[in-house]
Amino acid sequence: MVYASPLLLITLVLGVCFATYNLVTMVMHNRSISKLTIYNSDGGIFVDPIIEMPESVRKLKRAKMPFHVALTATDAPYSKWQCRIMYYWYKKQKDLPGSEMGGFTRILHSGNPDNLMNEIPTVIVDPLPAGLDRGYIVLNRPWAFVQWLEKATIEEEYVLMAEPDHIFVTPLPNLAHGGYPAAFPFFYIKPDQNEKLLRKFFPEEMGPVTNIDPIGNSPVIIKKELLEKIAPTWMNVSLKMKDDPETDKTFGWVLEMYAYAVASALHGVQHVLQKDFMLQPPWDLEIGKKYIIHYTYGCDYNMKGELTYGKIGEWRFDKRSFLRGPPPRNLPLPPPGVPESVVTLVKMVNEATANIPNWDAE
């Protein structure tokens with residue numbers, strides 16, 4: 001398979017020759033109650049996952065469907081220490097009961113090897129041409145996936161697109177259902193409230209903007225063959241959005257997330273929305289039946305265990321405090337009263353750093 005360069009892809013016209021898919025199941029989006037229901041080909045209800053995956057589906061006996069875990073990364077210290085923790089917990093959870101995790105790849109889009117090549121399975125790809133990302137480093141993510149899918153041999157039929165700041169808190173099964181990928185719904189991705197902007201990239205003939213799922217590209221479990229079709233469009237839409245001043249200003253740091261959602265919709269792909277896919281401290285208080293901790297938000301508390309978000313707390317954990325190097329081993333635990341999710345996060349970080357050799361190496 002041959003892909004055009006990013007400089008050529010940015011000139012492509014959207015809405016032309018997008019593939020359609022003959023999917024086995026029918027999806028109904030009932031937007032008035034924010035619910036997605038999957039029906040099988042016999043007309044029976046299969047799952048209603050946006051609320052929470054039912055226990056009966058969790059325990060459904062079927063052949064294992066392993067998925068390849070892939071994350072994009074840079075060679076910056078900030079990215080490397082997160083990747084090391086993420087890979088530690090992948091190895092811990094991979095072979096436990098309930099897991100369907102297969103192989104693992106760090107897609108390194110610096111263009112050059114780094115000092116983690118022997119620690120984490122890595123494929124090196126090229127970054128975007130200089131200046132094309134305009135300081136928005138995440139714009140390299142879709143281009144990295146395009147290159148990886150072209151050059152790598154991936155044994156698994158499915159791929160999990162993950163990120164360095166993900167921690168597998170429990171063994172992760174394959175949450176996708178046939179031709180329908182599984183994705184986490186983000187409350188701040190609101191296609192219905194941004195119709196004017198999105199129509200620049202998702203023309204009316206493609207249907208209502210509610211066909212665009214409220215998701216980003218991660219976490220997503222998707223068939224490899226679907227991702228191969230979506231990824232070049234995702235990259236092209238990302239570049240076009242970044243090139244449009246109004247869209248760039250409005251979407252900001254979530255621009256690439258909107259681009260993936262739009263690219264999927266352009267290809268007629270809808271996702272099973274899984275709220276139990278991930279939790280995000282400090283807003284999600286309990287682990288419950290979630291699978292991934294996403295520690296993108298800072299966690300700030302006073303010594304009474306009260307959240308002081310927006311104000312640096314007497315106790316805090318924020319990944320951005322460690323931009324130039326890894327956090328020290330044995331971080332202090334939060335004070336009494338802090339939610340389980342935050343306590344678990346710090347304990348899991350501490351366990352990883354205590355067991356990863358040469359932790360302080362950059």
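V349 is buried, with a relative accessible area of 1%; buried denotes under 20% relative accessible area, exposed over 50%, and partly exposed the range in between (1.4 Å probe, protein chains only). The model is predicted: local features need pLDDT of at least 70, side-chain atom pairs count only at pLDDT 80 or more, and totals for chains, interfaces and linings use all residues. Residues are numbered from 1 along each chain as its sequence is written, and side-chain values use heavy atoms, with hydrogens and water left out.

**Surroundings of V349**

- V349 belongs to helix 9 (residues 340-355); helices (H or I, at least four residues) and strands (E, at least two) are DSSP runs, numbered from the N terminus.
- Apart from its neighbours within four places in sequence, V349 is in contact with I85, I167, F317 and L331, where contact means heavy atoms within 4.5 Å.
- A distance of 9.4 Å separates the C-alpha atoms of V349 and Q82, which are 267 residues apart along the chain.

- Seven strands make up an open sheet with mixed pairing, in the order 6-5-4-7-10-9-11; two strands pair if DSSP finds at least two bridges between them.
- Strand 6 (122-124) and strand 11 (272-273) are the edge strands, each pairing on one side only.
- Strand 9 (residues 182-183) runs parallel to strand 11, joined to that strand by two bridges; A182 has V272 as its bridge partner.

- All five of the five residues in strand 7 (residues 158-162) are buried.
- In a regular strand the side chains alternate between the two faces of the sheet.
- From strand 7, Y158, L160 and A162 point one way, while V159 and M161 point the other way.
- Five bridges pair strand 7 with strand 4 (residues 67-73) in the parallel sense, and L160 is the bridge partner of V69.
- Strand 7 is antiparallel to strand 10 (residues 220-223), with four bridges between them; M161 stands opposite V220.

**Helix packing**

- Helix 4 (residues 140-151) lies across strand 4, strand 5 (101-108), strand 6 and strand 7, at about 135° to strand 4; axes are lines fitted to C-alpha atoms, for helices over the stretch in contact, and angles run from 0 to 180 degrees between N-to-C directions.

**Confidence**

- The chain has an average pLDDT of 86, and 83% of the residues score at least 70; pLDDT is the predictor's confidence in each residue, from 0 to 100.
- Residues 1-54 have pLDDT below 50, and this stretch has 113 contacts in the model beyond near neighbours in sequence.
- Where pLDDT is low, the predicted coordinates should not be read in detail.
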